Amino acid sequence: MQSRSELPGSRRVIVKIGSTLLTAGGKGLDQAAIGQWVQQIAELRQRGIQVVLVSSGSVAEGMSRLGWKTRPHRLNELQAAASVGQMGLVQTYESLFKRHGLQTAQILLTHDDLSNRERYLNSRSTILTLLQLGVIPVINENDTVTTEEIRFGDNDTLGALVANAVEADLLIILTDQAGLFERNPSIDSTAPLVQQAGINDPRLSAMVGDSLSGLGRGGMITKLRAARLAARSGTATVIASGRETGVLPRILGGDNLGTLLIPDVSPLIARKRWMAGQLKLKGSFVVDEGAERVLQEAGKSLLPIGVTAVEGEFRRGDLVACLNQAGREIARGLTNYSAEESRLIMRQPSTRIEEILGYVDEAELIHRDNLVLS
Ligand SMILES: Nc1ncnc2c1ncn2[C@@H]1O[C@H](COP(=O)(O)OP(=O)(O)O)[C@@H](O)[C@H]1O
Ligand SMILES: N[C@@H](CCC(=O)OP(=O)(O)O)C(=O)O
């Protein structure tokens with residue numbers, strides 16, 4: 001993604017909506033505004049765009065339901081507010097999406113869920129399955145079990161981690177400002193809007209500041225950090241005002257709204273770099289000639305039937321090499337099955353996985369989305 005003219009080509013989009021917007025200045029959930037975003041998301045789905053919603057607002061809604069005027073500082077009270085408010089959030093989304101004939105699913109995640117390899121694969125596969133089923137995943141942090149995140153309030157980062165996990169084309173962060181300004185517009189109303197910037201533009205860090213609203217938490221600092229994280233999977237970010245009429249379809253139509261932050265690499269190079277740089281090889285699959293050919297020529301997934309030997313000890317989600325019969329590495333990727341399971345199912349058709357293991361995680365040993373050629 002290099003410019004706005006490419007935005008209409010986005011097929012998978014993460015939309016993050018912040019507390020300040022959702023709760024109309026702390027007076028409970030703003031049903032009318034939420035109804036507008038829901039309608040816009042339904043419109044995107046109609047166009048065949050997959051949308052994952054990351055929604056804040058549980059603490060703010062919980063405060064309103066409990067009659068609390070100021071955000072508590074005690075962790076247990078914040079967590080209590082979040083769990084009360086989350087009920088309101090899911091009820092609201094469920095009933096509003098239902099009007100458009102769309103089903104919703106609640107997913108509560110911690111940042112750890114997305115950095116642990118095994119849980120990362122599980123979260124990814126659940127979200128992708130929901131998208132294939134046409135369901136709208138509504139994600140928030142699992143505030144009851146987190147400590148750091150709830151204190152700093154960081155659904156911007158969660159949105160980026162989800163974008164990484166499902167390799168979204170675009171992360172849209174809706175907030176109460178028209179985008180990222182050269183200086184905090186809550187302090188200096190004359191600050192110009194940044195319309196577009198490369199994610200590594202060194203001037204950006206000096207522009208962003210904290211939130212002053214008392215409801216939102218991270219301000220622009222966490223939004224910029226989220227955009228940098230999203231860029232690791234080649235995902236572009238737009239930060240825009242949720243109050244702009246028809247904001248989501250307009251952004252995806254290529255309109256000049258908000259701030260577009262352009263990643264420095266394509267998703268494919270990002271995936272390669274991530275696998276090359278961040279993860280340690282834990283073992284290998286030796287593949288037969290047929291599997292070598294389909295991996296290299298057709299870009300297909302690796303199935304257990306094409307594997308003739310399993311080397312090393314590894315778990316689901318670990319990085320594993322694929323070696324040809326001569327022992328040369330031809331690809332590497334994240335395995336869906338442990339070494340022990342892989343030894344049991346190698347040389348077998350995927351239809352036999354359930355019979356052999358008693359369960360089936362995936363038909364592939366390594367899905368092509370988690371595989372890069374060496
Ligand atoms: N350079 C900047 N451009 C725009 N907003 C900024 C900037 N620096 C700091 N901010 C602050 O960030 C706030 C948005 O962040 P936040 O309140 O956390 O919103 P949300 O609840 O949507 O996550 C703005 O209202 C503004 O006060
Ligand atoms: N899980 C918390 C997230 C808080 C948060 O990140 O808020 P924001 O900065 O408004 O997106 C909530 O729902 O209140």
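This is a predicted model: local features need pLDDT of at least 70, side-chain atom pairs count only at pLDDT 80 or more; totals for chains, interfaces and linings use all residues.
**Annotated positions**

The "binding site" annotation, which comes from an unreviewed UniProt entry, covers Lys16, Thr175 and Asp176. Although these residues span 161 residues in sequence, no two of their C-alpha atoms are more than 12.2 Å apart, so they gather at one spot. Threonine 175 belongs to strand S5, which is made of residues 170-175, whereas aspartate 176 sits in the loop between S5 and strand S6 (196-198). Beyond its neighbours within four places in sequence, threonine 175 is in contact with Gly18, Thr20, Leu21, Ile239, Ser241 and Gly242.

| Residue | C-beta neighbours within 10 Å | Class |
|---|---|---|
| Threonine 175 | 27 C-beta neighbours | buried |
| Isoleucine 356 | 13 C-beta neighbours | partly exposed |

**Nonpolar cores**

The largest nonpolar core holds 67 residues, and within this core Val15, Val162 and Ile172 touch the most other members. For valine 162, the residues touched, leaving out those up to four places away in sequence, are Ile14, Val52, Val54 and Ile139. There is also a second, separate core of 24 residues, with Leu121, Val286, Val307 and Met346 among them.

**A pair of helices**

Helix H8 (residues 155-166) and helix H10 (residues 219-231) have axes that come within 8 Å and cross at roughly 10 degrees. Because angles under 35 degrees count as roughly parallel, H8 and H10 are described as roughly parallel to each other. On the H8 side the contact is made by Asp156, Thr157, Gly159, Ala160, Leu161, Ala163 and Asn164, and on the H10 side by Thr222, Lys223, Arg225, Ala226, Leu229 and Ala230. Sorted by class, the residues in this contact of H8 with H10 are six nonpolar, four polar and three charged.

**Isoleucine 356**

Isoleucine 356 is part of helix H15, which covers residues 353-357, and is partly exposed, with 13 C-beta neighbours inside 10 Å. Apart from neighbours within four places in sequence, isoleucine 356 is in contact with Leu344, Ile345 and Gln348. Leucine 344 lies 12 residues away along the chain, and its C-alpha atom is separated from that of isoleucine 356 by 7.2 Å.

Methods:
Residues are numbered from 1 along each chain as its sequence is written. Chains are lettered from A and ligands numbered from 1 in the order in which they are written. Helices (H or I, at least four residues) and strands (E, at least two) are DSSP runs, numbered from the N terminus. A residue is buried if 20 or more other C-beta atoms lie within 10 Å of its own, exposed if 12 or fewer, and partly exposed in between; C-beta atoms are placed from the backbone. Two residues are in contact if their C-beta atoms, placed from the backbone, lie within 7 Å. A nonpolar core is a set of buried Ala, Val, Leu, Ile, Met, Phe, Trp, Tyr and Cys residues joined through C-beta atoms within 7 Å. Axes are lines fitted to C-alpha atoms, for helices over the stretch in contact, and angles run from 0 to 180 degrees between N-to-C directions. Angles under 35 degrees count as roughly parallel, over 145 as roughly antiparallel, 65 to 115 as roughly perpendicular and the rest as oblique. Ala, Val, Leu, Ile, Met, Phe, Trp, Tyr, Cys and Pro count as nonpolar, Asp, Glu, Lys and Arg as charged, and the others, Gly among them, as polar. UniProt positions are given in the numbering used here, feature names are shortened, and annotations may be inferred rather than shown by experiment.
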